[in-house]
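Please find below a colleague's note on the structure under review.

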Amino acid sequence: MSFESSAPLPAAPGAPGAAQDGLVLVVAPHPDDELTAWAALADTGADSYAVFLTLTRGESTRACREVQGQVQHEHGERAPRPSPVGIGHPTCGHARLYSWWTFLEAAGRDFPAARTGPAAHVVLDNGPGGRQADVWVGETGARIALTLPDGAVGVGDATSAVTQVLDLRGDLLPDLPVTRIVAATYWNDSDAHGNRTTSSGDCREASDCPGLAEAYEYEHADHRRTAEAMVWVAAESSAETWIVLPPAAGTSAADWLGAPPTATIRAAALAAPDYEQLVELLHQSYGWLSYPDPIWITGERATAASGVLFARQHDYLVLPGRVP
């Protein structure tokens with residue numbers, strides 16, 4: 001799984017002449033979630049070494065059930081590669097991962113956070129999380145794809161996997177201080193929406209539903225569990241950890257996730273031209289996942305009324321770094 005020709009592994013990623021400001025880690029449960037983290041990257045600096053991490057391959061997406069006829073070339077969509085043959089099949093995860101790689105590759109032309117430079121592809125048979133991992137390492141950034149099971153990511157598994165990725169510093173990754181961790185884990189499970197099933201979320205009774213009726217409903221349990229895992233990771237990190245929230249969640253989100261009282265809420269937004277460009281690139285790579293919607297819906301905020309998940313503005317629960 002090299003996708004493109006692989007460069008030699010840098011002898012010392014982050015060496016003089018490469019990114020030196022620090023390492024930024026973007027954690028996503030699945031390929032395509034990463035866009036909800038982007039607004040929190042705007043002030044991290046062009047010289048940061050950004051690592052994009054997906055915990056799963058997203059192999060359980062319903063879009064893999066019937067791909068033929070779903071690719072809308074008139075909207076610039078690219079066909080998935082390979083063509084997936086069914087939900088949960090390895091071709092489904094491979095196709096979604098290829099979309100992730102092509103999106104980041106295209107974004108890297110104009111957005112420094114997504115750049116790796118010429119990257120070496122390394123396969124770890126016993127990688128973070130105790131499973132196989134694909135790692136692309138360049139002098140200015142890296143991409144890491146783990147193989148935790150889509151739909152069954154546990155808090156402990158996600159905590160261990162992210163911690164082990166950070167432990168790759170000084171080995172595969174440059175030995176740089178971590179300056180920010182961003183969790184692209186948007187989750188909202190409200191009893192007002194009536195979707196209370198084990199398969200789609202943890203919300204079975206009203207008491208289990210801390211989400212907001214006015215926010216965009218997104219119940220995927222992998223997102224909530226990964227967000228909870230990031231609270232544990234943050235407790236051992238010296239860097240700030242930003243966790244994306246539904247709009248207007250406020251500090252009540254700290255209670256949802258078991259975050260400490262020192263957590264704060266910060267809003268961040270992409271510049272309108274950047275947002276439009278990123279959504280266009282998202283659609284080109286991931287458009288086959290949006291079917292039957294003709295295009296990804298865009299908007300300012302992830303509200304129930306707008307129907308927008310990948311919004312221009314997001315709120316984040318920010319956990320301060322641990323004092324050494």
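1. Between which two elements does the loop that holds Pro82 lie? The model is a predicted one, and in it Pro82 belongs to the loop between β2 (49–54) and α1 (90–107). The peptide bond that joins Arg81 to Pro82 is cis, with an omega of about -5 degrees.

2. Asp32 is not a glycine, yet its phi is positive, at about 110 degrees. Is Asp32 buried or exposed? With a relative accessible area of 7%, Asp32 falls under the 20% limit and is therefore classed as buried.

3. Overall, the secondary structure of the protein chain consists of five helices and nine strands. Read from the N terminus, the elements follow the pattern β-β-α-β-β-β-α-β-α-β-α-β-α-β.

4. The sheet deserves a separate remark. Nine strands form an open sheet with mixed pairing, in the order β3-β4-β5-β2-β1-β6-β7-β9-β8. Its edges are β3 (120–124) and β8 (264–269); each has a single partner strand, so one side of each lacks a neighbour in the sheet. On average, neighbouring strands of this sheet are turned by 20 degrees against each other, direction ignored.

5. Strands of a sheet pair through backbone hydrogen bonds, in either a parallel or an antiparallel manner. For β4 (residues 133–137) and β5 (residues 141–145) the arrangement is antiparallel, and four bridges join the two strands. Within this part of the sheet, Trp136 stands opposite Arg143 of β5.

6. Which strands does α1 lie across? Helix α1 lies across β2, β4 and β5, and runs at about 165 degrees to β5. Helix α3 (residues 221–235) lies across β1, β6 (178–183), β7 (240–245) and β9 (313–319). The angle between α3 and β7 is about 165 degrees.

7. Some totals for the protein chain complete the note. Of its 324 residues, 56% are buried. Among contacts between residues at least 6 apart in sequence, 73% join residues at least 24 apart. The accessible surface of the chain comes to about 13200 Å², and carbon and sulfur atoms account for 50% of that surface.

Key: Residues are numbered from 1 along each chain as its sequence is written. This is a predicted model: local features need pLDDT of at least 70, side-chain atom pairs count only at pLDDT 80 or more; totals for chains, interfaces and linings use all residues. Side-chain values use heavy atoms; hydrogens and water are left out. Buried means under 20% relative accessible area, exposed over 50%, partly exposed in between (1.4 Å probe, protein chains only). Two strands pair if DSSP finds at least two bridges between them. Axes are lines fitted to C-alpha atoms, for helices over the stretch in contact, and angles run from 0 to 180 degrees between N-to-C directions. Contact means heavy atoms within 4.5 Å. Accessible areas come from the Shrake-Rupley method with a 1.4 Å probe; for residues, only the protein chains shown count as cover.
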